[in-house]
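Student: I am new to this one. Please pick a single part and take me through it closely, step by step.

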Protein chains: 2
Amino acid sequence: MITSVELWFEFASTYSYPAAMRIEALAAASGVRVEWKPFLLGPIFASQGWSTSPFNVYPVKGKYMWRDLERICARQGLPLVKQTTFPRNGLAAARVTLALDEADRAGFVRDVYRASFGEDRDISSPDVLGEILGSRGLDGGAVLARAQSPEVKEQLRAQTAQAQALGIFGAPTVVVGGELFWGNDRLEDALDWAVHGPSRLTARTE
Amino acid sequence: MITSVELWFEFASTYSYPAAMRIEALAAASGVRVEWKPFLLGPIFASQGWSTSPFNVYPVKGKYMWRDLERICARQGLPLVKQTTFPRNGLAAARVTLALDEADRAGFVRDVYRASFGEDRDISSPDVLGEILGSRGLDGGAVLARAQSPEVKEQLRAQTAQAQALGIFGAPTVVVGGELFWGNDRLEDALDWAVHGPSRLTARTE
């Protein structure tokens, strides 16, 4: 039994939205804790030769993704509006996440995702982030200042490098004791792995 | 209620393997019929600038895919060996599928997938395909000859063009009354859509 899983997410990532909204309830039902790990996909995509989201690079796939996300959000009861800018730059929100105490992260992350994908707000704007922090009873000015500190900037750079070193190439990715599960549609598998471990791999009968 | 779904598959496609092995049992449980639609990903990938599988173009993603497939096959009790050649050329097997009576297709397709991914056999070889046909009580020589006819060749070309026109960009894809579901991990959603239709899209509460 592994008691803690890491959710590696990027605020610009579409499928990270439903994943961030549902992982804690799933994890709690399995008796597992979630560590929130923001990182940036930009440098990872750049190393694959992409200067924007692959859903923009490959528009046929992008068209499918938006329809698929619409179905998923409908099922989860999540608001979804087509963003006027895609992808939204997640750098500022990722730094703010790291500037927060761990206990404050999950709720902030969910509010930012909802603002971005459910309300088409510009989550790269300090005003928007400050308003979200304030609505959660946090000191927006102080947190935004801390998010600009060299320590937090370096922490996000290091976390992005760590994601790449782990073999992460997209978001969301759940890491469970070194095992990677990519995609909102793998959350259940990841938590099953945390509880049962690789027993599923020895179930092969042929 | 939609009583028939189309499974669009490519013999080279890794995730088409577990999908082909499990879709009929799932569909039968939903009272739905499966139409087997072979097509070629090569021309579609070429239009995206790829000359091979994206899992070769992006090796970090490829490494993840093989591990993910290993987990999936273990859970389904399916044999999986690392292929000495990837991707295996699926052209000949796709033509043979179209040369068969509809009733003979599902079993042949499953045997080819098992030979390719479970036994690392060269499914582009007429000998291998002939052996599979024979083991199923079919006249290998006659079917292989029909698979080389201009009619069958044209049918596969047309089917690949139709896949592209439908917005298909990967395999497996299940098409349900015009709605696309991409990936082995969307089979359940596709069948749910066949039975319940877009009612899931109106479930949005916010």
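Tutor: Start with the side chains of Arg22(A) and Glu188(A), which form a salt bridge with N and O 2.7 Å apart. Arg22(A) sits in helix α1 (residues 16–29) of chain A, and Glu188(A) sits in helix α10 (residues 187–196) of chain A. The pair therefore ties together parts that are 166 residues apart in sequence. Keep in mind that this is a predicted model.

How buried are the two partners? Arg22(A) has 18% relative accessibility, so it counts as buried. Glu188(A) is partly exposed, at a relative accessible area of 39%. On pairing in general: side chains of opposite charge can pair when their charged atoms come close.

Over all chains, the structure holds 29 salt bridges. One of them joins the side chains of Arg88(A) and Asp120(A), at 2.8 Å from N to O. Here both partners come from loops. Arg88(A) lies between α4 (59–76) and α5 (91–99) of chain A, while Asp120(A) lies between α6 (102–119) and α7 (126–135) of chain A. They are 32 residues apart in sequence, so this bridge also ties separate parts together. Arg88(A) and Asp120(A) are both buried.

Now go back to helix α10 of chain A. Asp189(A) forms a salt bridge with Arg75(B), with 3.0 Å between the closest N and O atoms. This pair crosses between chains: Asp189(A) is in helix α10 of chain A, and Arg75(B) is in helix α4 (residues 59–76) of chain B. Arg75(B) is partly exposed, with a relative accessible area of 45%.

That crossing raises the matter of how the chains are arranged.

Next, look at helix α1 in chain B. Its 14 residues (16–29) should span 20 Å at 1.5 Å a residue, and its end C-alpha atoms are 20 Å apart, which agrees. Yet α1(B) has a kink of about 40°, centred on Arg22(B). Arg22(B) is among the buried residues of α1(B), which also include Tyr17(B), Met21(B), Ile23(B) and Ala27(B). The cover over the buried residues includes strands β1 (4–9), β2 (33–38) and β3 (173–176) of chain B. It also includes helices α4, α6 (102–119) and α10 (187–196) of chain B. Just after α1(B) comes Gly31(B), with a positive phi of about 70°.

After α6(B) comes Asp120(B), whose phi is positive, near 55°.

Key. Residues numbered from 1 in each chain as written. Chains lettered and ligands numbered in written order. Predicted model: local features only at pLDDT ≥ 70, side-chain atom pairs only at ≥ 80, totals over all residues. Heavy atoms only, no water. Salt bridge = Lys/Arg side-chain N within 4 Å of Asp/Glu carboxyl O. Helix = DSSP H or I, 4+ residues; strand = E, 2+ residues; numbered from the N terminus. Buried < 20%, exposed > 50% of the residue type's maximum accessible area, 1.4 Å probe, protein only. Expected span 1.5 Å × (residues − 1). Bend = angle between axes of the 7 residues up to and from the residue. Contact = heavy atoms within 4.5 Å.
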